[in-house]
Structure formats: C-alpha cells, structure tokens
Amino acid sequence: MSIFDLRIETERLILRPPQRQDYAPYLAFCADEEVMRTLGGVQAPSVAWRSFCSLAGAWQLFGFSMFSVIEKSSGEWIGRMGPWQPQDWPGTEVGWSIRRASWGKGYAPEAAIAAIDWAFDTLDWDEVIHTIAEDNENSKVVARKLGSTLLRMGQLPPPYEGKPLEIWGQSRGQWQQRPR
C-alpha cells in the first residue's frame, strides 16, 4: 500500500497523510493566535508553507508524520495529529493540534487513540510521548484521557529550545492495559 492510500477512520474522523487541498486550512490554522499560542506562535505564510511541506515530506522520506484530520460529516480539514519525531526530538511523539472551531468536541482524543494504535502497531514504538507546554491545560486534559502521565520535564531542539515543557506519555504495555 502506498502512503497516499493510507486512511484511518474513527467514528467521526478520517486520518490520512496531508494532501495539497489541506494547505489553505493549514495556513489559516497557523495564523490563529490562540491555536498557535503553545505551538511556537503564529507562523507567517512562508513559514507555514515550510512546516506543511515538512509534514508531507516526512511521510515520503520516513514513512510517517502527522496525519491530516478530516471531519467526516463536513469533509473539512480540522487539524494535524499523529506520530512525530524530528531530529533530536525528546522521544517518539504522537501530538495533536485541532483548529479552534473544532475545540471541545472530543476530536483530539478520538483521533489520538487511532494514531497511537497505528504508531504502536505499524512503527513498533515502545513508548509514545506528548510534548506539552506547561500552560497548555487543554492538552493535559487530552493526555489524561489517553491514560498518559507526566513523565519528565524536557526541551525541544533548536529553534524551539529554551522553553521548558512537560513530557507526558506511556509505554506500549501501559497502552495495551488501559481501560477501553
């Protein structure tokens, strides 16, 4: 199967590698101050283009990256979600970011469960982490819903170094033993 055929479905969502038509909503997402507050700040269109291409390119080069999250009922792009491990990252991450208009609907944990299952089953990871800014209470709520706990404090590699963050997560064994 080609990465372009990869499609994971949950009750309300589709997770798939980014496609060209996802760029416009991704650009709007990266321009939203509240969404980007804990993600390094608003990105200029030229920077957002590079980050979008980085997500898509990682799929091609490494066989995984964050998925585009598509709402089944509307067909709209609502966020990015999934495995992420850039050079010098503090671990094997499954991260999430949902556009503001879709907050509070339970999409992040729904998609994260599917993405974590995929990461453990397909990528054979032993641990999944979530890098969370200390003041990002919403992401901590999602992490707790997934059964993750605070593992340690850490930092991201350049150009994001210098701001401590919390590293939440769990092992494959903990994931498999969690209540469903």
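Reader: What volume does the largest cavity have?
Author: This is a predicted model. The count comes to one cavity of 30 Å³ or more. The volume of the largest cavity is about 30 Å³.

Reader: Which strand gives the most to the lining of the largest cavity?
Author: Residues lining the largest cavity include M66, F67, W77, G79 and R80. At least two lining residues come from each of α3 (45-62), β3 (67-71) and β4 (77-84). The top contribution is three residues, and it comes from β4.

Reader: How many residues of the lining of the largest cavity are charged?
Author: The lining includes P18, Y26, F52, L55, S68 and R80. Seven lining residues are nonpolar and two are polar. The number of charged residues is one.

Reader: What span does helix α4 reach from its first C-alpha to its last?
Author: Helix α4 covers residues 107-122, which makes 16 residues. At 1.5 Å a residue, 22 Å is expected. The model comes close to that, with a reach of 22 Å.

Reader: Is α4 mostly covered or mostly uncovered, and how many of its residues are buried?
Author: Buried here means under 20% relative accessible area. α4 is mostly covered, and its buried residues number 12 of 16.

Reader: Which residue with positive phi follows α4?
Author: Helix α4 takes in residues 107-122. The residue that follows has a phi near 60°. That residue is D124.

Technical notes: Residues are numbered from 1 along each chain as its sequence is written. This is a predicted model: local features need pLDDT of at least 70, side-chain atom pairs count only at pLDDT 80 or more; totals for chains, interfaces and linings use all residues. Side-chain values use heavy atoms; hydrogens and water are left out. On a 1 Å grid over the protein atoms alone, a cavity is a set of points where a 1.4 Å probe fits but cannot get out, and a pocket is an open set with protein on both sides within 12 Å along at least five of seven lines; lining residues have an atom within 4 Å of a point. Grid points are joined across faces, edges and corners, and a volume is the space filled by probe spheres set on the points. Helices (H or I, at least four residues) and strands (E, at least two) are DSSP runs, numbered from the N terminus. Ala, Val, Leu, Ile, Met, Phe, Trp, Tyr, Cys and Pro count as nonpolar, Asp, Glu, Lys and Arg as charged, and the others, Gly among them, as polar. The expected span of a helix is 1.5 Å times one less than its number of residues. Buried means under 20% relative accessible area, exposed over 50%, partly exposed in between (1.4 Å probe, protein chains only).
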